Amino acid sequence: MKKNNLKVIKINKTKSLFNYEKKVLIKELVLGLKLGYFDFEKEKPQKVKFNLEVNYQDKQPSNDKDIKSIVNYAKIVRLIKKLVKNKHYNFLETLAEDVFDELFKDKRIDKIALQIEKLEIMKDCSSVGIQISKKRSHDQL
């Protein structure tokens, strides 16, 4: 019996040796927001589309009874909505930096790929926008 108990202990110890690489996907979040450098863009909100890939690492599997064990996509969507609610951004790039700053407060997150598109600004294009990836520097840890 003792040998079987030892094997169980070894199995449990090896479980903690795994590293999970997880990714939260948010596709085609469309919001009306105040955005743009030119005067005509400041007159009224415009439709803007967000696509995000949020990479994070964890040493434990997700706990089905604890929402804090995951990076919650609904929380990310709420955060973006809150950022743009009462603020005018001149540039997509400054909006992206604010999104990065908020999301990287979660220390598990190590990389974010963010795409933001203006959907109604140029009549010859279905959208124009930016795509930026930002990765946490592990030199700072």
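The chat below walks through a predicted model of one protein, from its overall layout to single residues.

User: What's the order of the elements from the N terminus on?
Analyst: In this predicted model, the elements run α-β-β-α-α-β-β from the N terminus, and the secondary structure comes to 3 helices and 4 strands.

User: And how much of the protein is buried?
Analyst: Buried residues make up 32% of the 141 residues. As for the contacts with a sequence separation of 6 or more, 64% of them are between residues 24 or more positions apart.

User: Which residues touch the most other members of the largest nonpolar core?
Analyst: Those are F50 and L52, in a core that has 31 residues. The elements that give two or more residues to this core are β1 (20–33), β2 (46–58), α2, α3 and β3 (109–118).

User: What does F50 touch, leaving out residues up to four places away in sequence?
Analyst: With those left out, F50 touches I26, K27, E28, L29, L31 and L33, as well as I80, L95, L114, Q115 and I116.

User: E28 is on that list, so to speak; is E28 itself buried or exposed?
Analyst: E28, which lies in strand β1, is exposed, because its relative accessible area is 55% and the cut-off for exposed is over 50%.

User: What's the phi of E28?
Analyst: The phi of E28 is near 55°, a positive value in a residue other than glycine. As background, most residues other than glycine have a negative phi.

User: Switching to helices: where is L103, and is L103 buried or exposed?
Analyst: L103 is found in helix α3, and L103 counts as buried because its relative accessibility is 5%, where buried means under 20%. Not counting residues up to four places away in sequence, L103 touches L52, V54, I76, L79, I109 and I112. For one of these, L79, the C-alpha atom is separated from that of L103 by 8.4 Å, with the two residues 24 apart along the chain.

User: Now some charged ones. Is K22 buried or exposed?
Analyst: K22, a residue of strand β1, counts as buried, because its relative accessibility of 15% is under the 20% cut-off. Leaving aside neighbours within four places in sequence, K22 is in contact with V54, N55, Y56, D58, Q60, P61, S62 and S69.

User: And E117, buried or exposed?
Analyst: E117, found in strand β3, counts as buried as well, because its relative accessibility is 11% and buried means under 20%.

User: Which side chain makes a polar contact with the side chain of E117?
Analyst: The side chain of Q115 makes that contact, at 3.0 Å. Setting aside residues up to four places away in sequence, E117 also touches K47, V48, K49 and N51, together with S127, V128 and G129.

User: Let's go to strand β4. Is Q131 buried or exposed?
Analyst: Q131 has its place in strand β4 (residues 128–135), and Q131 is exposed, because its relative accessible area is 61% and exposed means over 50%. Beyond its neighbours within four places in sequence, Q131 is in contact with L114 and Q115. The C-alpha atoms of Q131 and A96, which are 35 residues apart along the chain, are separated by 9.1 Å.

User: What about S133, what does that one touch?
Analyst: S133, also found in strand β4, touches K111, I112 and A113 when residues up to four places away in sequence are not counted. S133 counts as partly exposed at 46% relative accessibility, and its C-alpha atom is 6.1 Å from that of L114, a residue 19 places apart from S133 in sequence.

User: How many of the lining residues are nonpolar, polar and charged?
Analyst: By class, the lining has 7 nonpolar residues, 1 polar residue and 7 charged residues.

Methods: Residues numbered from 1 in each chain as written. Predicted model: local features only at pLDDT ≥ 70, side-chain atom pairs only at ≥ 80, totals over all residues. Heavy atoms only, no water. Nonpolar A, V, L, I, M, F, W, Y, C, P; charged D, E, K, R; others polar. Core = buried A, V, L, I, M, F, W, Y, C linked by side-chain atoms within 4.5 Å. Buried < 20%, exposed > 50% of the residue type's maximum accessible area, 1.4 Å probe, protein only. Contact = heavy atoms within 4.5 Å. Polar contact = N/O pair within 3.5 Å; in protein donor to acceptor, adjacent residues only side chain to side chain.
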